[in-house]
Amino acid sequence: MEKRDNSSGVTRKYNYEVRKLDTRSSNQKKLLLIAFLPLALLLTGCDTNLPQSTLWSAGSVAQSQQDLFYLIFWIAVIIFVIVEGLLIYIMVRYRTKAGRENDLPEQTHGNTKLEIGWTILPVLVVIAVTIPTIRGIAETYEPPKALADSPSITVDVVGHQWWWEYRYLNTDGDVDFITANEMHIPVDTVVKLRLYSDDVIHSFSVPRLAGTRDAVPGRENIMWFDAKETGIFVGQCKEFCGDSHALMKTIVVAHNSGDYLEWAEIQRSGNENVAVESNAGWGLFESKGCVGCHTIKGTTAVGEIGPDLTHFGSRLTIASNALHKGKEGVTFTEFFDNPTKDPELINLKRWLQHPPEVKPGSLMPALGITDDEADILANFLENLK
Amino acid sequence: MASLSYILRRPTSEYGVWGWLTTVDHKKIGTLYMVTALFFFLIGGIEAIMMRAQLATPDSTVISADLFNQLFTMHALTMIFLAIMPLGVAFFNWLVPLQIGARDVAFPRLNALSYWIYLFGAIILNLGWFTATSPNAGWFAYANLTSIQYSPTNGMDYYVLGLLVLGTSSLIGAMNFVVTIINLRAPGMTLIRMPIFTWMAFITSILLVLAIPVITIGLIELGFDRFFNTLFFSSAAGDVLLWQHLFWVFGHPEVYILILPAMGMVSEIFPTFSRKPLFGFPVVVFSGIAIAFMGWSVWAHHMFATGMGPVPDSVFAATTMAIAIPTGVKVFNWLATIWGGNIRFTTAMMFALGFIALFTIGGLSGMTHAAAPSDLQQTDTYYIVAHIHYVLFGGSIMAIFAGIYYWFPKMYGRLLNERLGKLHFWLVFIGMNITFGPMHYVGLIGMPRRNYMYPTDMGWDFWNMVASGGSIIMAIGVLVFIHNFYRSARKGEISGDDPWDARTLEWSIASPPPHYNFAEIPTVTSGDAFWHQKYPDGDKGVPHPVPSGGEDHDEVHIEMPRPSFYPLITGIGIALLGLTLVTHPIVGVVGIITLLWGSYGWMLEPAE
């Protein structure tokens, strides 16, 4: 049970203490691991570095989903042990003995009392798991009453092949500002999402914060979550949506509320001063046709097919998290733990020069950008702070 | 008139290629089904191995995104529609007439037609491989990814047309078995005396008759959207979720179509190798019916993530949980059957016991995603992949292997090699747990399914490598089986008529059975009819020999249906019609002419 408590909304700092605790019992853990491998894995699933784990919740919704899973899981473990134990017992006890293969055992045809008994047993189990299930369902759509008075923000999520558009709403319900692929939120705040799709069905999921909800073309869906700790949470589209489905990823960055307000203020602003003739990057951005698909607020770039790039330089990832902005060879997990950007911008240049190679089926075509041009363009984009 | 009856004369060859092409014998058709389905089982396996090669390592580039999407789509379609379903039908064909004491199915030529349409449908579904444009939107083919705009290749056309043709085959076959089971049972075989496998075949056939029309509607609407620009599943004018409802109203009963025959097989095998009758026979039958009935009320549990709202979510969560009740009852009845028995560990029995062990795991993991909130985390992750493989591989395939080891002697008069069989069992049992067991964990730590590659350092690398390793072990196991099957069919130990001291009527006749099955139609006075012939003094009586294979009757007097060309010709006509929309109108014209030729020939064909 000790381990289950660890799984509840722990902060990153606190989590290190948890790990220390675990090393002390590591011998026992190893024994358990060998004896009951799958079970042991689930127990440890929450305290190792598993950025997309559904069993390492950092928000209320993920927490209640995780609690429900564990409730059913333990009931299932009991049934598993009973059934498989019986099976093994029967196989050992009633195996035939040499020379007695043709003996006839007692011919029992049935036993009404027993059969009624093992009909009622699953009925009870089913009732035991159905009640908490139904209680939890409403909370996957809207926050419970207990959170009705807590601060909230609303974000419209629009799925595209293969990236996420985030439209932040102000208190009047109008669009405040638009960003893409990286959702910033204040910690301990209810984040209400309305989900839409621009093309096919996508599914928004950031497992440490909340389970999936589909973005269905022609419909509006709702979900919500909150983050109990600051940090970067990773997620990805879960409904198969075409060639680059695997690369339609996202991150949610949870700040304390001061940092969030600062970030939001920047997002509201435009970046008009970049669009000057002396800026070679802007020249390329215009002449290569980038302006046709992308928006840089305050300039003549108002395309809406691709992600809004107004503050691209402040983001950590490229092309819906298909690549990160760290150095080559650094994994996503390492990069999000320690987001040091690559000054050479190698990943960004790779994306600019070979989009379909990075992201199969990408709507952004290869525009024949030379190495020099890529250098200028990448620096231009990275300076869109 | 003489010339007409010459043109329409029936073929007579019982042997050779023409014998197979024109056969209407349920046993030969069963063999055709089995061999074809095993072939596609291998194809589906190769597709799986290719995917595991790609996923063995992170950031892998063995296979492109597009090819990977075709592979996972075709793997599911192949395994479900071209392997497991027809393997079930192969057993229906072989066993239902033998178990009910009949000489053939009710409509022997329709039975042949059903096989040929299946074969042609399978070919149409696989045509895309020749142009590297197989269906690539998943076997579930969610609209509107399947529209011309988002799936411009021919892939989804093959999907629509292939499945429509295959559906025709299933429908014809299922109707045939419903009629056969209702009408052709031996005198005295009341429904409650009917063998349990035939019962499950009966229930499965009824499910098919009711489920296939639903997917047919969906496929026709999707076909119209793609070929004629209708807007059934357009997000602007139609409804993309309509497809999901149609698909899963079919798709969930389909799961029971895949598992009920398997349950029927193990329900025959446990009693034989425990030397005890099936415990609570009526309860096992009734829970089968209950599963089939309740299977219609759970489809939207595949759609919790679509945001149907709290009320539908709750209803479908509750109905889904409830289906655990009859399933649990069945498991307990099987355990009670072997409890107190005299258990012989033949390969067939080992596979059947493996079925209980693995299917239970699949059922239990099912509970965690019947709980809608919990499912929202698990849906579309490898946890679900693990679940369905424990149900379909650990359940259906293990039981089908059990069935093949058990009934092979009846089909070929020879035993499958037991030593190779046990090797096969252990390789598959261990391999399957190594492959699919870790997927539970990988899914719970967030790895989504249908991803052609995954980044490193997410905690997924090691277990993916393990799973890929396990798939190799399984593949070796299947190769051992194929070798065993091929070798034993020709050189296996002669089995005799009743090698297992079994209980049902198929074991009362020669192995392999004569063309006419029963020289004399038996009269049935109890369940487990053959057992009670052998042990007449009640259950504990002393066995006494029963003349098997019937007495020496003169075969000439038994009137059996003659072979016919027309099922094959009709089937070709239907296949050509199916191909019209992806080829040329002239193909359709030829198809209609062939179809008319086939069906008129069929009608006018003389009985002799």
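Because the model is predicted, local features are reported at pLDDT of at least 70 and side-chain atom pairs only at pLDDT 80 or more, whereas totals for chains, interfaces and linings use all residues. Residues are numbered from 1 along each chain as its sequence is written, and chains are lettered from A, with ligands numbered from 1, in the order in which they are written.

The secondary structure of chain B consists of 19 helices and 0 strands, where helices (H or I, at least four residues) and strands (E, at least two) are DSSP runs numbered from the N terminus. The radius of gyration of chain B, 24 Å, is close to the 25 Å that the globule rule gives for 608 residues, so chain B is as compact as a globular protein of that length; the radius is taken over C-alpha atoms, and the rule is 2.2 Å times the number of residues to the power 0.38. The C-alpha trace of chain B spans about 70 × 65 × 45 Å along its principal axes. Of the 608 residues in chain B, 62% are buried, a residue being buried if 20 or more other C-beta atoms, placed from the backbone, lie within 10 Å of its own, exposed if 12 or fewer do, and partly exposed in between. Among the contacts in chain B with a separation of 6 or more, 83% involve residues 24 or more positions apart, two residues being in contact if their C-beta atoms, placed from the backbone, lie within 7 Å.

The largest nonpolar core contains 289 residues, and those with the most contacts inside it are V266(B), A352(B), F355(B) and A402(B); such a core is a set of buried Ala, Val, Leu, Ile, Met, Phe, Trp, Tyr and Cys residues joined through C-beta atoms within 7 Å. When residues up to four places away in sequence are not counted, V266(B) touches W334(B), A352(B), F355(B), A399(B) and A402(B). M350(B), which lies in helix α12 of chain B, counts as buried because it has 23 C-beta neighbours inside 10 Å. With the same exclusion in sequence, M350(B) touches F345(B), K422(B) and F425(B), while its C-alpha atom is separated by 9.9 Å from that of F401(B), 51 residues apart along the chain.

Two local backbone features of chain B occur in loops. A cis peptide bond with omega of about -10 degrees joins S511(B) and P512(B), and P512(B) is placed in the loop between α16 (461-491) and α17 (529-534). D457(B), in the loop between α15 and α16, has a positive phi of about 70 degrees although it is not a glycine, and it is partly exposed, with 16 other C-beta atoms within 10 Å.

Chain A is divided into domain 1 (1-72), domain 2 (145-231) and domain 3 (272-382), with bounds that come from an automatic or database domain assignment. The centres of domains 2 and 3 of chain A, taken over C-alpha atoms, are separated by 24 Å, and 10 residues of domain 2 are in contact with 9 residues of domain 3. On the side of domain 2 that touches domain 3, β2 (163-169) and β3 (175-180) of chain A each supply at least two residues.

Several strands of chain A pair with one another, pairing being assigned if DSSP finds at least two bridges between two strands. Strand β1 (residues 152-160) of chain A pairs with β5 (residues 190-197) in the parallel sense over 8 bridges, and with β2(A) in the antiparallel sense over 7 bridges. β1(A) and β2(A) form a hairpin with 2 residues between them, and W162(A), in the loop between these strands, is joined to Q161(A) by a cis peptide bond with omega of about -5 degrees. Strand β10 (residues 249-255) of chain A has 6 of its 7 residues buried, so it is largely enclosed by the rest of the structure. β10(A) runs parallel to β4 (residues 182-186), joined by 5 bridges, and pairs with β9 (residues 231-236) in the antiparallel sense over 6 bridges.

Between the chains, 81 residues of chain B are in contact with 85 residues of chain A. The largest share of the side of chain B that touches chain A, 9 residues, comes from α11(B).
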